[in-house]
Amino acid sequence: MITVIHYILYIILVLSVVAAALYSIKARRVSDPAKRGSLMAMMNICMGCMLVSLSLVCMFLFRGSTPAIIVEAAFMVLGLFNIFAGIRSRVYYSKLNQANSEG
């Protein structure tokens, strides 16, 4: 069962790294600031998922030492903050994109 969880976390980790890279490339090629912000928000969400899954992988693999627990907790908090900030930015830019498309 633990190996299945490891594989799922590794898949999430790889997919979030690839998605973050793709959103980053797309965001740098777009000239519209509202669309760029929306893509950067999605990149932020993907990076948050990457950090959370990385911390969970480390928590399952390495047990015990205090510095490892501190680093894992820091990655977890940073990842959750990235997810929260990305969702908040995504909502803001989606409203901005709707206002631009209506007017």
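1. Met 1 sits in the segment that comes before H1. The model is a predicted one. Met 1 counts as exposed because its relative accessible area is 74%, where the cut-off for exposed is over 50%. Together with Val 4, Ile 8 and Ile 12, Met 1 makes a nonpolar surface patch of about 410 Å².

2. On spacing along a helix, a general point applies: an α-helix has 3.6 residues a turn, so residues three or four places apart point the same way. Helix H1 covers residues 2–29. The patch residues Val 4, Ile 8 and Ile 12 may be read with that spacing in mind.

3. Val 17 also belongs to helix H1. Its relative accessibility is 39%, so Val 17 counts as partly exposed. Between Val 17 and Cys 58 there are 41 residues of separation in sequence and 16 Å in space, taken from C-alpha to C-alpha.

4. Helix H3 runs over residues 66–102, which makes 37 residues. From the first C-alpha of H3 to the last the reach is 54 Å, close to the 54 Å expected at 1.5 Å a residue.

5. Which residues of H3 are buried? They are Glu 72, Met 76, Gly 79, Asn 82, Ala 85 and Gly 86. The helix against which the buried residues of H3 pack is H2, residues 33–61.

6. Glu 72, a residue of helix H3, deserves a separate entry. Why does Glu 72 count as buried? Its relative accessible area is 7%, and the cut-off for buried is under 20%. With neighbours within four places in sequence left aside, the contacts of Glu 72 are Ser 55, Cys 58, Met 59 and Phe 62. Cys 58, one of these contacts, is the residue whose C-alpha lies 16 Å from that of Val 17.

7. Under the ring-pairing rule, the count is 1 aromatic pair. The pair is formed by Tyr 92 and Tyr 93 and is edge-to-face, with 5.1 Å from centre to centre and 75 degrees between the planes. For the edge-to-face class, the planes must be over 60 degrees apart.

8. How exposed are the two partners of this pair, Tyr 92 and Tyr 93? Tyr 92 is exposed because its relative accessible area is 51%, with the cut-off at over 50%. Tyr 93 has 24% relative accessibility and therefore counts as partly exposed.

Definitions and conventions:
Residues are numbered from 1 along each chain as its sequence is written. This is a predicted model: local features need pLDDT of at least 70, side-chain atom pairs count only at pLDDT 80 or more; totals for chains, interfaces and linings use all residues. Side-chain values use heavy atoms; hydrogens and water are left out. Helices (H or I, at least four residues) and strands (E, at least two) are DSSP runs, numbered from the N terminus. The expected span of a helix is 1.5 Å times one less than its number of residues. Buried means under 20% relative accessible area, exposed over 50%, partly exposed in between (1.4 Å probe, protein chains only). Contact means heavy atoms within 4.5 Å. Rings of Phe, Tyr and Trp (its six-membered ring) pair if their centres lie within 6.5 Å; planes under 30 degrees apart count as stacked, over 60 as edge-to-face and the rest as tilted. Patches are made of residues with over 30% relative accessible area and no salt bridge: like charges are joined within 9 Å, nonpolar side chains (Val, Leu, Ile, Met, Phe, Trp, Tyr) within 5 Å. Accessible areas come from the Shrake-Rupley method with a 1.4 Å probe; for residues, only the protein chains shown count as cover. A salt bridge is a side-chain nitrogen of Lys or Arg within 4 Å of a carboxyl oxygen of Asp or Glu.
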